[in-house]
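Welcome, and please open your viewer.

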Number of protein chains: 2
Amino acid sequence: MKPIAILILATAALCSAQLTDDSRPASSNVMGAQYPRLHADLRATFRLKAPDAQKVRVDLAGTVFDMKKEADGYWVGTTAPLVPGFHYYSLNVDGVAVNDPGSETFYGYNRESSGIEVPEAGVDFYLPQNVPHGELRERWYYSRLTEAWRRAMVYTPPGYDSVAARYPVLYLQHGAGENERGWGNQGHVAFIMDNLLAVGKSKPMLIVMDRGYASKPGEAAPASGGPRSTTFEEVVMKELIPTIDATYRTLSDRDHRAMAGLSMGGGQALQITMKHLDQFAYIGAFSGVGGMGGAAFDARTAFDGAMADTSAFNQRVRLLWLGIGTAEPERMMNSVKAFKDGLAKAGIKHVYFESPGTAHEWQTWRRDLAQFAPLLFR
Amino acid sequence: MKPIAILILATAALCSAQLTDDSRPASSNVMGAQYPRLHADLRATFRLKAPDAQKVRVDLAGTVFDMKKEADGYWVGTTAPLVPGFHYYSLNVDGVAVNDPGSETFYGYNRESSGIEVPEAGVDFYLPQNVPHGELRERWYYSRLTEAWRRAMVYTPPGYDSVAARYPVLYLQHGAGENERGWGNQGHVAFIMDNLLAVGKSKPMLIVMDRGYASKPGEAAPASGGPRSTTFEEVVMKELIPTIDATYRTLSDRDHRAMAGLSMGGGQALQITMKHLDQFAYIGAFSGVGGMGGAAFDARTAFDGAMADTSAFNQRVRLLWLGIGTAEPERMMNSVKAFKDGLAKAGIKHVYFESPGTAHEWQTWRRDLAQFAPLLFR
């Protein structure tokens, strides 16, 4: 990966918008929408018609910019240069956070949010290219445990339909407030894998993305910040994996099964795999270790002693992979680093990756996947 | 199909909301959202937190209801009983049409809109059932004509991966302001087909849903109301069909290829198939005939004389299918009926279906598909 210029998301007030020739609609816009627009220097201009509103602002993943009303009833504002990658945002109209009609929607913050894709110069590993393309498939299945229909998204590699081969499977989870579409829509999982496969950097595999929430009838709905119960784990082990193995041409032994996730999903991946090491040989936690990091983290006792026998664990688990973005909040950075340090102290083999300049956002996780996937099933 | 009670979408002001035990969150809500709620009598209650807003309303496909501010800063309102089916809606906050954070989003009106699913008593042909399920797949392909990546959604029937068979293909288009996800998300195309197939009512087929808009570099963007150019037709004939036939196990002769669409897509299906009768044998137009209806419609001269030789056309085209909802606007109803009358007058064989009590909405088109698909490829 090339070095990345770190651009600061300025907290300054919006500059007066003066559209220049170099601006173009964001690639995350709906068809034909002229706003938001991105400038060559990665400033973004937002625009909303709201002649009767008292105050309109842009909220870009927590950083708020005021917008200015123009004579025609449109509110307009331009940000400072943005960090490359995908950012959730909302427009705030008289105190209500609303979607920008110009943006596609992306499920985050427990709702369908607006999002803006800021291009990264010279970087195309997550963009569609002239290579063979796999598919992202909707797989519906009935969960007896939760008495509800569930939808898993399944990436199948190019050629899946024309070759009789069986494939290993990566189970890949989203973060809190997101859902099974996150890795496809925000993460560009299919393009990342297509591009890796085209240059032989990754083994062909299926990637299964389910919703990281599940509750049984009568059970309290899962909190958005994390599962309160083991129901999601039960769904994965007793329903999802059997459904996938029965439906697709998988290699269904532990040596051909991985689980990873981001943020809350990283914690889920660790909890589930450590409890079922007879079922998984590859583990990834992107920007999240499920509250396991911190001063008290002791690898020898964590996860009910799953890592207590260092040498056995190192032999059994083919990959334990951790990632964090260097611009993530200190709390998250510290938690992942403490976890990593605890592994090192106990002699547990692991891979640690820092994504330069990116925050607790999808650009970090896209890079994580592009680093992690090539190490799987080797 | 059972007779359907026609419930009128009242234009009256909202009643004061008094939630009773019988209400439940709409199935179209995002996970955990308690509003909007549907009552047993199909009234819907909407709720939005907007303490600083001056006025909040619900706009249900053009029918506007005022909401009332409560002491806690929430605006609440309950409608009269709604017609069963799927309705786009928006909340209007101080003059700005915004999404309801409680709703999933559905691409319509050229943006990601809120939508509410109103159940129809005793009707489940478009709901997930305990039957084998096919898949809805994302198929990306590069269009040289438009110099852009396009995404087609492809329904594959249950068993596609395990049987070496080849399948006929239905090309199925959305309406104006919608996109390639409409038939999947709003139309429930996969559930409808799964259910038909489970009882042997339909032949297994692939269904390909592409975006009904296309423009070449430098060409004006297509109007939302319909294509200004033949670029979409060119994409279908020169790029989409060859891509599908090269990628999937299709039967690629005209006897195994159909095209249909709704509203604007109905017009596109007629225009494209009539011009390429050597490529299509089955044609469907749901709630739209592309402006071809009306007093001046003469089947003998329409479509550059494609139907001029009645007997040859009747032999060549295995199905020409028209549908309309009885609650559609008079203009649309008249246009489709005039088209049908013109066909009858010229002796052109066709099937005509009226969906009882439904408007220019997805419930009409779901029923259309459930009537149309069983007649294909016989």
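Some notes before we move on. This is a predicted model, in which local features need pLDDT of at least 70 and side-chain atom pairs count only at pLDDT 80 or more, while totals for chains, interfaces and linings use all residues. Residues are numbered from 1 along each chain as its sequence is written, chains are lettered from A and ligands numbered from 1 in the order in which they are written, and side-chain values use heavy atoms, with hydrogens and water left out.

**Stop 1**

Along the principal axes, the C-alpha atoms of chain A fill a box of roughly 70 × 50 × 50 Å.

Now colour by burial. Of the 378 residues in chain A, 60% are buried, where buried means under 20% relative accessible area, exposed over 50%, and partly exposed in between (1.4 Å probe, protein chains only). Next, look at contacts, meaning heavy atoms within 4.5 Å. Among contacts in chain A between residues at least 6 apart in sequence, 71% join residues at least 24 apart.

**Stop 2: where the copies meet**

Show both chains again. Of the interface residues of chain A, 98% are also interface residues in chain B, so the copies meet through the same surface.

Select Trp149(B), which lies in strand S13 (residues 148-156) of chain B. Is Trp149(B) buried or partly exposed? With 25% relative accessibility, Trp149(B) is partly exposed. Leaving aside neighbours within four places in sequence, its contacts in chain A are Pro128(A), Gln129(A), Asn130(A) and His133(A), and those in chain B are Trp140(B), Tyr141(B) and Tyr142(B).

**Stop 3**

Select residues 189-198 of chain A, which form helix H2. Nine of its ten residues are buried, so helix H2 is largely enclosed by the rest of the structure. Among the buried ones are Phe191(A), Ile192(A) and Met193(A). After H2(A) comes Gly200(A), with a positive phi near 70°.

Then go to chain B and select helix H8 (residues 362-372), where ten of the eleven residues are buried. Those buried residues include Trp362(B), Trp365(B) and Phe372(B).

**Stop 3: backbone details**

Select Tyr35(A) and Pro36(A). The peptide bond joining them is cis, with omega about -5°. Pro36(A) sits in the loop between strand S1 (24-25) and strand S2 (37-38) of chain A. In chain B, the bond from Tyr35(B) to Pro36(B) is cis too, with omega near 0°.

Which phi does Phe303(A) have? The value is near 50°, positive in a residue other than glycine. Phe303(A) belongs to helix H5 (residues 302-305) of chain A and is buried, at 12% relative accessible area.

Move to Leu42(B), in the loop between S2 and strand S3 (44-49) of chain B. Leu42(B) is not a glycine, yet its phi is positive, about 75°.

**Last stop: a buried loop residue**

Select Val317(B), in the loop between helix H6 (310-316) and strand S18 (319-325) of chain B. Val317(B) is buried, at 7% relative accessibility. Not counting residues up to four places away in sequence, Val317(B) touches Arg254(B), Leu277(B), Ala281(B) and Ile283(B).

Definitions and conventions: Helices (H or I, at least four residues) and strands (E, at least two) are DSSP runs, numbered from the N terminus.
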